[in-house]
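Please keep the model open beside you as we go.

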Amino acid sequence: MICSVINYKGGVGKTTVTANIAAQLAREGNKVLLVDLDPQTNLTFSFIRVDEWKRDYQDRTIKRWYDSFIDSDQELHLQDLVIRPFRVNERLREMNSSGSIDLISSHLGLINVDLELSAKLWGGSERSNRRNFLFVYSRLKEGLKQLEAQNYDYIFIDCPPNFNVVTKTAIVASDTLLIPARPDYLSTIGIEQLQRHAKELVFEYNNKLEKDDLGTEFERIAPTLAGVVFTMVEKRRGEPISALRQYIEQVINQEIPAFETVVRENKTVFSDAPELGVPVVLQRLSGDTYRSIQTELKELTEEFEERLSNGGSL
Ligand SMILES: Nc1ncnc2c1ncn2[C@@H]1O[C@H](COP(=O)(O)OP(=O)(O)OP(=O)(O)O)[C@@H](O)[C@H]1O
Ligand SMILES: [Mg+2]
């Protein structure tokens with residue numbers, strides 16, 4: 001199962017939600033792969049120390065894989081880029097879990113990849129542009145499907161806050177999309193736009209595929225929408241405060257599936273986690289607040305699994 005965590009609004013909790021759902025699934029015994037597609041490298045540095053990355057991994061990032069495609073100079077396999085972050089896997093072992101978390105890390109230079117991929121998409125005849133489109137957009141999907149078949153129960157792609165070519169390659173690669181959002185006015189508008197753009201991309205991809213009768217080379221895509229997860233929610237007595245409920249209900253009224261579980265706001269708990277290299281849900285914490293946040297994150301993961309089995313079209 002390949003899931004993109006996406007929203008082109010920044011700072012809505014994409015990386016935090018990705019890390020925690022992945023960690024909880026690993027604790028339940030799953031083999032999980034994380035792919036950091038954001039040049040900000042936040043997910044990467046939530047698991048790997050900066051000095052460690054600089055020393056050992058900066059030449060083994062997803063940027064190199066896109067570069068090898070753009071330059072067509074060598075065949076690089078995604079498998080060669082997979083690393084196993086030490087701290088979180090050590091914690092999983094302590095918890096007697098048979099699961100694991102692997103990571104394909106990102107690189108600041110991924111910013112330029114978008115421009116170069118765009119250039120690859122244009123400039124030829126209509127027919128060759130169509131082929132280029134399918135090649136560019138299907139490549140991550142092919143690579144990840146192969147990795148999944150060999151090694152993984154779940155693959156999560158943490159997307160950057162935009163809708164550029166790299167983000168679109170993630171949508172094409174996905175079986176499902178997860179949209180973290182904040183319950184406020186502009187975010188609510190943004191979700192509807194995002195859903196529409198994702199639908200348009202799926203339509204365009206399948207349409208190009210039919211035109212060229214390339215059905216044997218490329219598969220049609222039909223990612224589902226796992227739903228919108230509201231994050232950084234201010235709660236009172238266990239419930240979102242009433243000012244926020246209207247935004248949550250607005251999304252539900254637009255017939256966009258929304259998670260019942262919401263992630264509450266707590267800066268103290270969430271801001272330290274990346275430095276520790278272990279997501280909040282797996283940390284050794286005591287106190288009522290910590291416990292209830294961990295319970296919330298476990299419930300979020302359970303609901304994610306349920307929603308996967310129930311389908312739900314984009
Ligand atoms: N539930 C929460 N309560 C309080 N702070 C949070 C919560 N979730 C995330 N944060 C903090 O908010 C900031 C943004 O979160 P995060 O990086 O997960 O968002 P993002 O959508 O991935 O951002 P970007 O668009 O920049 O990639 C981080 O500093 C994070 O620690
Ligand atoms: Mg992020």
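**From the ligand to the sheet and helices**

A backbone N or O atom of V12 lies 2.9 Å from an oxygen atom of ligand 1. Such a pair is a polar contact, meaning N or O atoms within 3.5 Å; within protein, one must be able to donate a hydrogen and the other to accept it, and residues adjacent in sequence count only if both atoms are side-chain atoms. G11 also uses a backbone N or O atom, 2.9 Å from a ligand 1 oxygen, while T16 brings a side-chain N or O atom to 2.5 Å from an oxygen of ligand 1. Around ligand 1 there are 18 residues, the closest being K14, T15, T16, R264 and N266; a residue counts here if one of its heavy atoms lies within 4 Å.

Before going further, a word on the ground rules. This is a predicted model, where local features need pLDDT of at least 70 and side-chain atom pairs count only at pLDDT 80 or more, while totals for chains, interfaces and linings use all residues. Residues are numbered from 1 along each chain as its sequence is written, chains are lettered from A and ligands numbered from 1 in the order written, and side-chain values use heavy atoms, leaving out hydrogens and water.

Now look at the sheet. It is open, with 6 strands in the order β3-β2-β4-β1-β5-β6 and parallel pairing; strands (E, at least two residues) and helices (H or I, at least four) are DSSP runs numbered from the N terminus, and two strands pair if DSSP finds at least two bridges between them. At the edges, β3 (100-104) and β6 (224-230) each pair on one side only. Strand β1 (residues 2-5) runs parallel to β5 (residues 176-181), joined by 3 bridges, and V5 has L178 as its bridge partner in β5.

Elsewhere, how do α8 and α9 pack? Helix α8 (residues 165-173) meets helix α9 (residues 185-211) at about 75°, with axes 10 Å apart; axes are lines fitted to C-alpha atoms, for helices over the stretch in contact, and angles run from 0 to 180 degrees between N-to-C directions. That makes α8 roughly perpendicular to α9, a label for 65 to 115 degrees, with under 35 roughly parallel, over 145 roughly antiparallel and the rest oblique.
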